[in-house]
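Here are a few exercises to work through with the model open. Try each task before you read its solution.

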Amino acid sequence: MKEVYYIHELPERAGITAPLTLSGRPFEPGKKARVHILALGDVGTTMLIGLRLLGAEDIASIGICDLNGNNLSRLEIEINQIRYPFAAQGDGPVLPPVHIVTEEQLFDCDVFIFCASKGVPPLSATGDVRMAQLEANKGLIGHFAGLARSAGYKGLVCIVSDPVDPLCAAFLDASGIRPWQIRGYGLGVMNARACYYAEKDGRLAHYLTEGRAFGPHGEDLVIADRIEGYDDTLSRELTKKVVEANHVVRNLGYKPYIAPALSSAALSILLTLRGCWHYGSVYLGDKDRGAFLGVRSRYSEEGLLYEDRPLPRALYDRIEYAYLRLCALRRDVPCCMLLKWAGRSRAIRNG
């Protein structure tokens, strides 16, 4: 029996023998990017503030597009009024300017960020509210992916809307662009939440320096307390805390969008442009089969890289289960069939 397993082995478990290459980079390192954001609700607006405040070295300009014209006008006025007092005199950074763009201009940029969403679940919603948005948001994805196809878009697509990973796959299928052009940004906040709980519990403190997050931004999330010396029981306990953190805020009467907008989106997108390690979804599959999976990753001269350390069986089983579920969701195939094909029919997720 094998003792260690690798992320790169996952496609084979789904019957994929020739995964598409990730050897490409959809932006020019060191050159400030022109960023366009679609939809400025709570998440999009908070992310916009983060990109404006922190993006002086990485972003040339930020275009904003939304159905609500008054909201656009408000944001163009207010966000451009966030600035260092003497930046124009050389004392402090000049922050990237914000301007309004039309739908027709959306893909005239280097980085397109999709924050649009239909049917945002009410505070009273229970269960994995992210998946409730899948079908509605698939329609939106199809429309804008079609625009990307028509524009022959060569830049980076950042999917922020829920559920992040399935929507990445939907954009890939509808747009015809390369898989290394599309990234999902949902795992950053899951890692941040794991850090939050690790800071409050001495048993989990080692996560801050040794831990990792894998998988989707949702119930199949995999938090590992560490890779070497992995503790399955402790990791599942921390995973449960992180998955339920969403509901803790909802039960207080608030929608939990601040941390996701900044940790998953603004900070992670800026790290992407800098070529630094961050959490994002990468595509593991061929033209018709596969899924986007959240992992520690970055762009380099060789293209899109992801951390591919040797993993213990217990941890790999959890990641494989999440990956196969995402594959099944994309193909509308019962997950039990994929698990059967992979020779792993037991309920891995439940331990």
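**Exercise 1: the cysteines**

The sulfur of C158 lies 9.1 Å from the closest cysteine sulfur, the one in C115, so that's too far for a bond. This is a predicted model, where local features need pLDDT of at least 70, side-chain atom pairs count only at pLDDT 80 or more, and totals for chains, interfaces and linings use all residues. Residues are numbered from 1 along each chain as its sequence is written, and side-chain values use heavy atoms, with hydrogens and water left out.

Task: find how many disulfides the structure holds.

Solution. A disulfide here is a pair of cysteine sulfur atoms within 2.5 Å. The structure has zero of them. C65 is in no disulfide either, with the nearest cysteine sulfur, in C109, 11 Å away.

Task: are C65 and C158 buried or exposed?

Solution. Buried means under 20% relative accessible area, exposed over 50%, and partly exposed in between (1.4 Å probe, protein chains only). C65 has 8% relative accessibility, so it counts as buried. C158, at 0%, counts as buried too.

**Exercise 2: helix α10**

Task: check the span of helix α10 (residues 313-331) against the expected value.

Solution. Helices are DSSP runs (H or I, at least four residues), numbered from the N terminus. The expected span is 1.5 Å times one less than the number of residues. With 19 residues, α10 reaches 26 Å from first C-alpha to last, close to the expected 27 Å.

Methods
Helix = DSSP H or I, 4+ residues; strand = E, 2+ residues; numbered from the N terminus.
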